[in-house]
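The sequence and structure come first.

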Amino acid sequence: MAVDLVVWEAAYKSAILASFGGRIVCAGLQGSRARAEASETSDIDAVLVLDRLDWDDLACYRGLIANLPYAERMCGFVSGKAEILAWDASELVGFYYDTACFLGDLTFLKDRVTVDAARRSVQLSACGLYHSLCHAAVFEEKPLSPYAVAKVVFFLMRTQRYIETGAYPLRLSQLLPGLDSEERALLLPLQNEEAFENKRTGDSSFYRIALSWCARILTHNDGL
């Protein structure tokens, strides 16, 4: 079933305002729906930051979500303001730029979103992907999903571009210009998931490129 995002947003805003009112620091969307790149099956990735957060707030939020249209599609991030301010800065770069706010804003995080934080984000993401590729190749029955690999690469490349240019590309179409053929190849599963899933076993070319690319990111991070 296709999601009518206008209907969902109106219902969501009404519900959280009725429950939390002036305590809302920021509410918005992340992910493919915020980037206008969603498929019919994409999640609705909601963000809610309150002035403070306790267990009763979480229970209240769970209850109001259950009564929203497309509740089964919802996922996301919820936090108190102090907690997200104390978050590892490497995780705040993508969070800050990828959140499309429709109530409040995230300007209180801006001073923590720095090039140094972005460098750490790239390094940690590349470490995680490199390990996952190696582990799956040796110990698991199947290699990683090409789509899952491409998604990590997409997020990592966006942060790279921010380090290089100071501009954070939200959409795939904004990222592709300037990429070389190998980098573009790593993002192809985002454009044709099924074709790559069918080649998941028996064709290692995609994983060879991914491993080599990750290794270069890890060993040349100081030059980003």
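The model is predicted: local features need pLDDT of at least 70, side-chain atom pairs count only at pLDDT 80 or more, and totals for chains, interfaces and linings use all residues. Residues are numbered from 1 along each chain as its sequence is written, and side-chain values use heavy atoms, with hydrogens and water left out.

**Pockets**

A pocket is an open set of points on a 1 Å grid over the protein atoms alone, where a 1.4 Å probe fits, with protein on both sides within 12 Å along at least five of seven lines; lining residues have an atom within 4 Å of a point. A volume is the space filled by probe spheres set on the points, which are joined across faces, edges and corners.

| Pocket | Volume | Lining |
|---|---|---|
| Largest | about 1,000 Å³ | 37 residues |

Nearest the centre of the largest pocket lie Gly-31, Arg-35, Lys-151, Phe-154 and Phe-155. Two or more lining residues each come from helix H2 (31-34), strand S3 (74-80), helix H5 (89-98), helix H6 (115-139) and helix H7 (146-165). Helices (H or I, at least four residues) and strands (E, at least two) are DSSP runs, numbered from the N terminus. H7 supplies the largest share of this lining, eight residues. By class, the lining of the largest pocket has 13 nonpolar, 13 polar and 11 charged residues. Here Ala, Val, Leu, Ile, Met, Phe, Trp, Tyr, Cys and Pro count as nonpolar, Asp, Glu, Lys and Arg as charged, and the others, Gly among them, as polar.

H6 and helix H11 (205-219) each give two or more residues to its lining, and H6 gives the most, with five residues. This lining divides into nine nonpolar, three polar and six charged residues.

**Sheet**

Four strands form an open sheet in the order S3-S2-S1-S4, with mixed pairing; two strands pair if DSSP finds at least two bridges between them. S3 and strand S4 (100-104) are the edge strands, each pairing on one side only. Strand S2 (residues 44-50) runs parallel to S3, joined by seven bridges, and Leu-48 stands opposite Val-78 in S3.

Helix H1 (residues 5-20) packs on the sheet and touches strand S1 (24-30), S2, S3 and S4, contact meaning heavy atoms within 4.5 Å. The direction of H1 makes about 25 degrees with that of S2. Axes are lines fitted to C-alpha atoms, for helices over the stretch in contact, and angles run from 0 to 180 degrees between N-to-C directions.
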